[in-house]
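Please look at the structure first, and then read on with it beside you.

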Amino acid sequence: MTQRKPIIGGNWKMNTGLESGMHLAGCIVDGFTCGDCCDVVIYPPLPFLQAIESVIDTSELQLGAQNVWCEESGAFTGETSPTMLQEVGVKSVLVGHSERRHVLHEGSALIAQKVAFALVKQLQVVLCVGETFEERESGNTMKVVLSQITSGLANISSEQMVNVVIAYEPVWAIGTGKTASPKDAQEVHVAIRKALGEMFTEEIASQTRIQYGGSVNPDNAAELFSCEDIDGALVGGASLSAESFTAIVKAAYNP
Ligand code: PEP
């Protein structure tokens, strides 16, 4: 068990309705009993953020957003600024999620701008990185992941790293039911931590939390969390069931 506080994120993606989302949030609140043991952040769809904040605001659950823009205001149709998100209670944002990289074609320059601006605005940033199946098969996992880390954190100071969480999410494991083996995931987490040490300091590297994401469920969570450098999970599909998500949260502080 590491000394880093585990962090579990629930990425609801484009799922739930208003009522079902509020119900899900309420059930997660009911099942989450140890805020000192673990940070838990849920990332509901944007239109439901305010309503879901009203369900969780007296709990230890935190509210996150699945996306953020890199300007304060202006002619950016469809986008949402950090301040707008903060006004409805958002504390954390996902940046560089594989669906935004690969489905919506967000590039590394935009991702770096989003990371930098969200941090200036005091949001927690979860920078998601991960290789595709082809990249893994061709032996390029480390090269791809470390390049996403280097470019994503290019404009970040050491002081700002306290608000950064890394999510290592192999693209081929997201929503597919395939999970990286704990050994393979741990190997990438170690490489990420080493890169953070080279970019910043050893101390920052050892304090930064690195989540694993990719088909995490109640059956595989404990084994993943028993790895020294895996500090929690970013959970998609299994976060849509309060029972599964709560079981994953509990596995994080009692792996
Ligand atoms: C994700 O959306 O970040 C994710 C890891 O999804 P899933 O758990 O469904 O693979």
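A polar contact is a pair of N or O atoms within 3.5 Å; within protein, one of the two must be able to donate a hydrogen and the other to accept it, and residues adjacent in sequence count only if both atoms are side-chain atoms. The model is predicted, with local features needing pLDDT of at least 70 and side-chain atom pairs counting only at pLDDT 80 or more, while totals for chains, interfaces and linings use all residues. Residues are numbered from 1 along each chain as its sequence is written, and side-chain values use heavy atoms, with hydrogens and water left out.

**Asn220 and its contacts**

Asn220 sits in the loop between strand S7 (209-213) and helix H10 (221-225), where helices (H or I, at least four residues) and strands (E, at least two) are DSSP runs numbered from the N terminus. A polar atom of the Asn220 side chain lies 3.0 Å from the backbone oxygen of Ser215, and the side chain of Asn220 also reaches the backbone nitrogen of Asn217 at 2.8 Å. Is Asn220 buried or exposed? Asn220 counts as buried because its relative accessibility is 15%, the cut-offs being under 20% for buried and over 50% for exposed, with partly exposed in between (1.4 Å probe, protein chains only).

**The ligand**

| Residue | Part of the residue | Distance to a ligand oxygen atom |
|---|---|---|
| Asn11 | N or O atom in the side chain | 3.2 Å |
| Ser215 | backbone N or O atom | 2.8 Å |
| Gly237 | polar backbone atom | 2.8 Å |

On its own the ligand has 290 Å² of accessible area, of which the protein covers 96%, as computed by the Shrake-Rupley method with a 1.4 Å probe.

**Pocket and cavities**

Rolling a probe the size of a water molecule over the atoms shows where empty space is left. On a 1 Å grid over the protein atoms alone, a cavity is a set of points where a 1.4 Å probe fits but cannot get out, whereas a pocket is an open set with protein on both sides within 12 Å along at least five of seven lines, and lining residues have an atom within 4 Å of a point. The largest pocket holds about 470 Å³ of space, and of its 22 lining residues Lys13, Met14, Gln66, Asn67 and Arg100 are closest to the centre.

How many cavities of 30 Å³ or more does a search of the whole structure find? The search finds two. The largest cavity has a volume of about 40 Å³, and its lining, which includes Glu169 and His97, receives the most from H4, with three residues. The second largest cavity holds about 30 Å³, and its lining has five nonpolar, two polar and no charged residues, with the largest share, three residues, coming from H11.

Terms used:
Points joined across faces, edges and corners; volume = space filled by probe spheres on them. Nonpolar A, V, L, I, M, F, W, Y, C, P; charged D, E, K, R; others polar.
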